[in-house]
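Colleague: Hi! Could you walk me through a couple of spots in this model?

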Amino acid sequence: MLFVCYPKCSTCKKAEKWLNEHNLQYSERHIAEDNPSYDELKEWHKKSGLPLKRFFNTSGVLYKEMELKNKLPSMSEDEQLKLLATNGMLVKRPIIISDDKVFVGFKVNEWENLLYNQKKEGSGMIYVEKEISYADYVRLRESVNWNNFFKGQTEKCLKNTLYSVAAIDNNTVIGMGRLIGDGMYYMIVDVIVQPDYQGKGIGSNIVNRLTEYVQKETPAGGRSSIQLTAEKGKEGFYEKLGFKLIPNEFCGSSMRKVIRR
């Protein structure tokens, strides 16, 4: 197992302490002195299932000096990978690379769930922040008799997801939820739990994790709005999680327009 870190980083120090406390064997690599290559980053990104933006050290000085917050949206994925490969200080740390998993940043619950396997919920149930694969997306929609759409468009929408959560049992994705948005207005979509896993609180856990992300991203003094369209008959499920039906005393009816080609 490879532990890519910046030794002076306080988060990396916490992560290294955690690894040592759990007696996990690893080799250490200095991210600035031995910067990840383009090929390595491309492989790690694919293996992680995360949006590529998660590999950028968005709180770093270099990221801000280069004004990458404004530049990344217009850059291709290949251009972003090449940029990351130019300087290790642009890369989010720490990174853990095992045979079949890649973790970016130190999140105790995620590391324990997938790496050390201690804090499982229920009978092996874990919740992971990851990009939903096309195959899992199609399979879960089919499990609840939802239509699937044009593959190219679906793959693009999955890639452009702002934040997504997968519920995994025995290495199989059995539930998912996605969040799209612009930093002020958000929409929850594709909340699905495989029928044989329903009624166990998994859907509530997924929605709560999506809303927790919005809460963390909302700045002090700010205001964020989360929208969703409930499946008919499921309105009560979302009301229990704090959502309000519209129209109400403050809002008119929700409306939509479908465009087909």
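Predicted model: local features only at pLDDT ≥ 70, side-chain atom pairs only at ≥ 80, totals over all residues.

Colleague: Where is Asp136 found?

Modeller: Asp136 lies in helix H7, residues 134-143. Helices here are DSSP runs of H or I with at least four residues, strands are runs of E with at least two, and both are numbered from the N terminus.

Colleague: Is Asp136 buried or exposed?

Modeller: Asp136 counts as buried because its relative accessibility is 17%. Buried means under 20% relative accessible area, exposed over 50%, and partly exposed in between, with a 1.4 Å probe and protein chains only.

Colleague: Which side chain does Asp136 join in a polar contact?

Modeller: That of Arg139, at 2.9 Å. A polar contact is a pair of N or O atoms within 3.5 Å; within protein, one must be able to donate a hydrogen and the other to accept it, and residues adjacent in sequence count only if both atoms are side-chain atoms.

Colleague: Which residues of H7 are buried, and what do they pack against?

Modeller: Asp136, Tyr137, Val138, Leu140 and Arg141 are buried. The buried residues of H7 pack against helix H8 (151-159), strand S7 (172-181) and strand S8 (185-193), where contact means heavy atoms within 4.5 Å.

Colleague: And what comes just after H7?

Modeller: Asn145, with a positive phi of about 65 degrees.

Key: Residues numbered from 1 in each chain as written. Heavy atoms only, no water.
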